Amino acid sequence: METLKIENDVEIPVLGFGVYQIPQEETKEAVENAIKVGYRHIDTAQSYQNETEVGEGIKASGIDRKELFITTKVWIENVNYQDTLKSVERSLQRLDMDYIDLVLIHQPYNDVYGSWKALEELKENGKIRVIGVSNFGVDRVVDLGLHNKIAPQVNQIEINPFHQQEEHVTTLQKENVVVEAWAPFAEGRNNLFQNEILKEIGDKYNKSIAQVVLRWLIERDIVVLAKSVNPERMAQNIDVFDFKLTDEDKSKIATLEQSNSQFFSHADPEMIKFLSSWQLNV
């Protein structure tokens, strides 16, 4: 598995297995199967409410913990100094781990500065190896870095063929921030899995549309998160290191850009209110 360096002793696998929207009762088996086919990077979150099952799947896999890169995220209600400290300890307990490789502030709301100071402390204490954010604009990432001891090391954002975020990605990478892509397949919106341009490129290499999208992101030095509960599809999604896209292929994919989120704007006041009202209470 290829990796990107985050800091001197931390490398992140470029292809991760995401567990968003996988039901609790299916998560353990899905994680175990993902590790079995070769994934070494697992991405969960407090708001997914399946951290416990992720930990169980990892334990059932029999793989040494040191071989894996595990990510979780702090939900909005816990984004303040005290609740971040407490909630990360709960995440550690649920995952049944001594440390977490990467912890992200999941959304750019609530007391981000207080939460960040807590993450800095947890990193210094060895509970977390790397700290970052998710769904933050470049301005928020730079601001957070300028006024704290540790700058965000990762930003996980929506990136897919219809929302390519070229300028956003380039600027973050210039700031030495590793970029991760959530929803690389846009959850099938705009008939992505029937897209003629992507299909034509895939046919050329005997690859699926999903494999073409994953390869496109990896070649942009973006860490990408793929989700499936089907072991055959898991294996197919990880089989993307034996071909390369041409400049012509990339130019064709560039024509799919729609310059807007396939889901919602994180700057929409109504969406901020909705997300902030989503309480985990656990």
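Colleague: Into how many nonpolar, polar and charged residues does the lining of the largest pocket divide?

Modeller: Bear in mind that this is a predicted model. The lining of the largest pocket is made up, by class, of 21 nonpolar, 14 polar and 5 charged residues.

Colleague: Which residues lining the second largest pocket are the closest to its centre?

Modeller: The second largest pocket holds about 320 Å³ of space, and 15 residues line that pocket. By class its lining has 6 nonpolar, 8 polar and 1 charged residues. Those closest to the centre of the second largest pocket are Asn135, His163, Gln165, His168 and His266.

Colleague: How much space lies in the largest pocket?

Modeller: The lining of the largest pocket includes 5 charged residues. The volume of space in the largest pocket is about 930 Å³.

Colleague: Which residues that line the largest pocket are the closest to its centre?

Modeller: The lining of the largest pocket counts 40 residues. Closest to the centre of that pocket are Tyr20, Gln21, Trp182, Ala183 and Glu187.

Colleague: Does Glu187 count as buried, partly exposed or exposed?

Modeller: Glu187 sits in the loop between strand S9 (178-182) and helix H7 (196-205), and its phi is positive, near 50°. Because its relative accessibility of 45% lies between the cut-offs of 20% and 50%, Glu187 counts as partly exposed.

Colleague: What is the phi of Asp96 near?

Modeller: Asp96 belongs to the loop between helix H3 (81-95) and strand S6 (100-105). Most residues other than glycine have a negative phi. For Asp96, a residue other than glycine, phi is positive and near 60°.

Terms used
Residues are numbered from 1 along each chain as its sequence is written. This is a predicted model: local features need pLDDT of at least 70, side-chain atom pairs count only at pLDDT 80 or more; totals for chains, interfaces and linings use all residues. Side-chain values use heavy atoms; hydrogens and water are left out. On a 1 Å grid over the protein atoms alone, a cavity is a set of points where a 1.4 Å probe fits but cannot get out, and a pocket is an open set with protein on both sides within 12 Å along at least five of seven lines; lining residues have an atom within 4 Å of a point. Grid points are joined across faces, edges and corners, and a volume is the space filled by probe spheres set on the points. Ala, Val, Leu, Ile, Met, Phe, Trp, Tyr, Cys and Pro count as nonpolar, Asp, Glu, Lys and Arg as charged, and the others, Gly among them, as polar. Helices (H or I, at least four residues) and strands (E, at least two) are DSSP runs, numbered from the N terminus. Buried means under 20% relative accessible area, exposed over 50%, partly exposed in between (1.4 Å probe, protein chains only).
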